[in-house]
Amino acid sequence: MSASSVQAAHEIRVVVGRLRRRFRESYDTEGLTPTQTSVLSRLRRDGPSSASALAAAERVRPQSMAMTLGALDERGLIERRPDPDDRRRQLISVSEAGQAFLEDKQRAGEEWLSQALESGFTEDERQAIISSLALLDRLSDA
């Protein structure tokens, strides 16, 4: 592997980690754990799912997922309904309150980022970031 590939891999990992932390700091999670927030976001992105499918997608044990879903359910952030294809299973989806939570979280993160880009970068730098994002998007598909 080339030195530039190794350097780019390291720097991307570090920067993405820092940005994730800054996004998390930009909004109040209302006491949700990162796992709970991740599950809620996954349900919003991918649609209704069973607990076992969520556990596999999040790479956690079914027992851990049951606890995560219990906490989200207690706060009214998810809804459960019988699976029309298999009445023994439940499908879990994001509730209206969960949608509102995720929208507020997204808006807060984008506001922080927009303000940081506006105050800390020139127009040329912002355009360079936009161009680089197309490359990073391509990288995410690799």
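User: What should I know about the numbering and the model before we start?
Analyst: Residues are numbered from 1 along each chain as its sequence is written, and side-chain values use heavy atoms, with hydrogens and water left out. The model is predicted, so local features need pLDDT of at least 70 and side-chain atom pairs count only at pLDDT 80 or more, whereas totals for chains, interfaces and linings use all residues.

User: How much space lies in the largest pocket?
Analyst: The largest pocket holds about 730 Å³ of space. A pocket, on a 1 Å grid over the protein atoms alone, is an open set of points where a 1.4 Å probe fits, with protein on both sides within 12 Å along at least five of seven lines. Grid points are joined across faces, edges and corners, and the volume is the space filled by probe spheres set on the points.

User: Which residues lie nearest its centre?
Analyst: Arg20, Phe23, Tyr27, Ser41 and Lys105 lie nearest the centre of the largest pocket, out of 20 lining residues; a lining residue has an atom within 4 Å of a point.

User: And which elements give two or more residues to that lining?
Analyst: They are helix H1 (3-25), helix H2 (34-46) and helix H5 (96-120). H2 gives the most, with six residues. Helices here are DSSP runs (H or I, at least four residues), numbered from the N terminus.

User: How does the lining of the largest pocket divide by class?
Analyst: That lining has six nonpolar, eight polar and six charged residues. Ala, Val, Leu, Ile, Met, Phe, Trp, Tyr, Cys and Pro count as nonpolar, Asp, Glu, Lys and Arg as charged, and the others, Gly among them, as polar.

User: What about the second largest pocket, what volume does it have?
Analyst: The second largest pocket has a volume of about 590 Å³. Its lining comprises 18 residues, and those nearest the centre are Val15, Leu19, Ile129, Leu133 and Leu136. By class, the lining consists of 13 nonpolar, two polar and three charged residues.

User: Which helix gives the most there?
Analyst: H6 does, with eight residues. At least two lining residues come from each of H1, H5 and helix H6 (123-140).

User: Changing topic: which residues make the nonpolar surface patch?
Analyst: Ile12, Val16, Leu133, Leu136 and Leu139 make a nonpolar patch of about 400 Å². H1 and H6 each give two or more residues to the patch, and the largest share, three residues, comes from H6. Patch residues have over 30% relative accessible area and no salt bridge; nonpolar side chains (Val, Leu, Ile, Met, Phe, Trp, Tyr) are joined within 5 Å, and like charges within 9 Å. Accessible areas come from the Shrake-Rupley method with a 1.4 Å probe, and for residues only the protein chains shown count as cover.

User: Is Leu133 buried or exposed, or in between?
Analyst: Leu133, in helix H6, counts as partly exposed because its relative accessibility is 48%. Buried means under 20% relative accessible area, exposed over 50%, and partly exposed in between (1.4 Å probe, protein chains only).

User: How many salt bridges does a search of the whole structure find?
Analyst: The search finds nine. A salt bridge is a side-chain nitrogen of Lys or Arg within 4 Å of a carboxyl oxygen of Asp or Glu.

User: Where do Asp46 and Arg42 sit relative to each other?
Analyst: They are four residues apart in helix H2, so about one helical turn separates them.

User: What does Arg89 form a salt bridge with?
Analyst: The partner is Asp83, with the closest N and O atoms 2.5 Å apart. Asp83 is buried at 3% relative accessibility, while Arg89 is partly exposed at 37%.

User: And Arg88, what is its partner?
Analyst: Arg88 pairs with Asp86, the closest N and O atoms being 3.0 Å apart. Arg88 is exposed, at 76%.

User: Which residues are joined into one network?
Analyst: Arg42, Arg45, Asp46 and Glu58 are joined by salt bridges that share partners.

User: Finally, where is Arg59, and what is its phi?
Analyst: Arg59 lies in the loop between helix H3 (51-58) and helix H4 (62-74). Although Arg59 is not a glycine, its phi is positive, about 60°. Arg59 is exposed, with a relative accessible area of 79%.
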